[in-house]
Structure formats: C-alpha cells, structure tokens
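Reader: Could we go through this structure together, a piece at a time?

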Amino acid sequence: MTTLEGAVRAALLAALRADAGPLAGLNRIGEGEGQAAPVPWCRIGEIAGTSWGAKERPGREVRATVLIGDRGEAERTAALAGAVEEAVAVLPRIRSGWETGGVQIVRTRHVMARDGLRTAQIELRVRGWRAG
C-alpha cells in the first residue's frame, strides 16, 4: 500500500497531464526541478505529510505545491494557475488504499522574479484515512 503522499503525487501528475485545456500547451509537466524546460512549465513541488485523524480513525494530512513558470503576460500565468486549480479540485476521493475528503486549495501566490520569470504557486491540502 502506498503512502498518502505518494498517492497524492501520482493523482496530481495524472490530473495535470490529462487536462485538455490550457495545461495541454505547457512544455513540461513533471516533478521537481529536473531538466530545464522552456516556459511555460508546470511541476509538482514540495509534498509534506503530517499525522492527522478523527476519533478512532488515524490518518494523514498532505500539503502539496504545484508551480507554474512563465515569462508571458500575468494574465496567461493567472489563467494557467486557474486551470491547475480546476484540474486538482476534481481529484478522485479514494486513492491507492486511502479514503480522502477532497482537495482544498489553501493558497495561490503569484511572484515575479528579477529575471522576468513569473511563478504561480498553488498550495493544496488533502486529508485522508486508510481505506477499509
């Protein structure tokens, strides 16, 4: 049985890669920094899990970050971030031996670096219990 962190990572990648809308035009959808890709790109950033649960149901809370990198107009970066939010909002509720309560977008931040790279950071939270 996989960890909830691993299940969330796999579900995020699958959802982002399956998008037929704006995300289909990205040059890379992957994990970590990896090889350099021309903008716009999307990657799964940090995924952190903590102990969480309800009465007699121990579980996990997972927080994950999805990043968009772009050098285009702010509106395009914002549209890509919105597409990420839509794609992850409909992740399946049961994943690889875990029962989850859905995905909650915690925060979206937009940052522009000195070199002109715009980054959108979408942070989300998933809480779950072992299924069965």
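Reader: Which residues does R109 touch, leaving out those up to four places away in sequence?
Author: With those sequence neighbours set aside, R109 touches T119, A120 and Q121, where contact means heavy atoms within 4.5 Å. This is a predicted model, in which local features need pLDDT of at least 70, side-chain atom pairs count only at pLDDT 80 or more, and totals for chains, interfaces and linings use all residues. Residues are numbered from 1 along each chain as its sequence is written, and side-chain values use heavy atoms, with hydrogens and water left out.

Reader: And is R109 buried, partly exposed or exposed?
Author: R109 counts as partly exposed, because its relative accessibility is 35% and that class lies between buried, under 20% relative accessible area, and exposed, over 50% (1.4 Å probe, protein chains only).

Reader: What about T100, where is that?
Author: T100 is in strand β5, residues 98-112, strands being DSSP runs of E with at least two residues, numbered from the N terminus. T100 is buried, at 3% relative accessible area, and its contacts beyond four places in sequence include L4, P92 and V126.

Reader: Switching topic, how many aromatic pairs are there?
Author: The count comes to one aromatic pair, taking rings of Phe, Tyr and Trp (its six-membered ring) with centres within 6.5 Å, where planes under 30 degrees apart are stacked, over 60 edge-to-face and the rest tilted. W52 and W129 form this tilted pair, 5.1 Å centre to centre with 45 degrees between the planes.

Reader: Which strands hold the two partners?
Author: W52 belongs to strand β2 (residues 41-54) and W129 to strand β6 (residues 118-130), so the pair links parts of the chain 77 residues apart.

Conventions
Helix = DSSP H or I, 4+ residues; strand = E, 2+ residues; numbered from the N terminus.
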